[in-house]
Amino acid sequence: NWAFLTNIASRRAEDAGIYHALAGSIWVIALTAVMALPAGVAAAIYLEEYGTNSRLARFIELNIANLAAVPSIIYGLLGLGLFVRMMGMGRSVLAGAATLALLVLPVVILSTRAALRTVPKSIREGSYALGATKWQTIWHQVLPMAVPGVLTGLILALSRAIGETAPLISIGALTYIPFAPDSVWSP
């Protein structure tokens, strides 16, 4: 019933609910999407449209391929060292979301690149023929046509993120939280 979604944890099974866990999951996944989507789309645009044969593009592609193969527990240790300790975020929603954003970034980049490749070259050429700059062509023609593929990649990435527990446990996420988060700095 509805009370199961809105009640907090309780010792009595008939009164127990998942509100705190649900609210925490929504906070973390929303922040993960806000962090991973712009960075992933920007990296994919650079790799597909601007840096096709540059050394920087090859370096980024190599790192994306390597990051895609890293186990999630390693991302947890990276998040613990980088976000929790070095950057001083503590064991917060923001640190968890940043860790999960790194985890799903290769998925977002690769799916966005694939979506950008599906846009016909004639669309770009037509835009250039009408006097548009490269960025105007990308922003007004290419990205709108690639949105379905980008959103599909985002859904796949977030479904991976919501199923991962190892990184969050590694950064010190509490297993029982007696309250719902109210900001990005909440545990």
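How many aromatic pairs does the structure hold? The structure holds one aromatic pair, where ring centres of Phe, Tyr or Trp (its six-membered ring) must lie within 6.5 Å.

The model is predicted, so local features need pLDDT of at least 70 and side-chain atom pairs count only at pLDDT 80 or more, while totals for chains, interfaces and linings use all residues. Residues are numbered from 1 along each chain as its sequence is written, and side-chain values use heavy atoms, leaving out hydrogens and water.

Seven salt bridges are found in the whole structure; the term denotes a side-chain nitrogen of Lys or Arg within 4 Å of a carboxyl oxygen of Asp or Glu. Among them are the following.

| Salt bridge | N to O distance |
|---|---|
| Arg12 and Glu14 | 3.2 Å |
| Glu48 and Arg113 | 2.9 Å |
| Glu61 and Arg113 | 3.0 Å |

Glu61 in helix 3 (residues 55-68) and Arg113 in helix 5 are 52 residues apart, and their pair links distant parts of the chain. Helices are DSSP runs (H or I, at least four residues), numbered from the N terminus. Arg113 is buried, at 11% relative accessible area, whereas Glu61 is partly exposed at 28%. Here buried means under 20%, exposed over 50%, and partly exposed in between (1.4 Å probe, protein chains only). Salt bridges with shared partners join Glu48, Glu61, Arg113 and Arg117 into one network.

Elsewhere, Lys134 lies over the face of Tyr50, 5.4 Å from the ring centre; this requires NZ of Lys or CZ of Arg within 6 Å of that centre and within 35 degrees of the ring normal.

Methods. Rings of Phe, Tyr and Trp (its six-membered ring) pair if their centres lie within 6.5 Å; planes under 30 degrees apart count as stacked, over 60 as edge-to-face and the rest as tilted. Helices (H or I, at least four residues) and strands (E, at least two) are DSSP runs, numbered from the N terminus.
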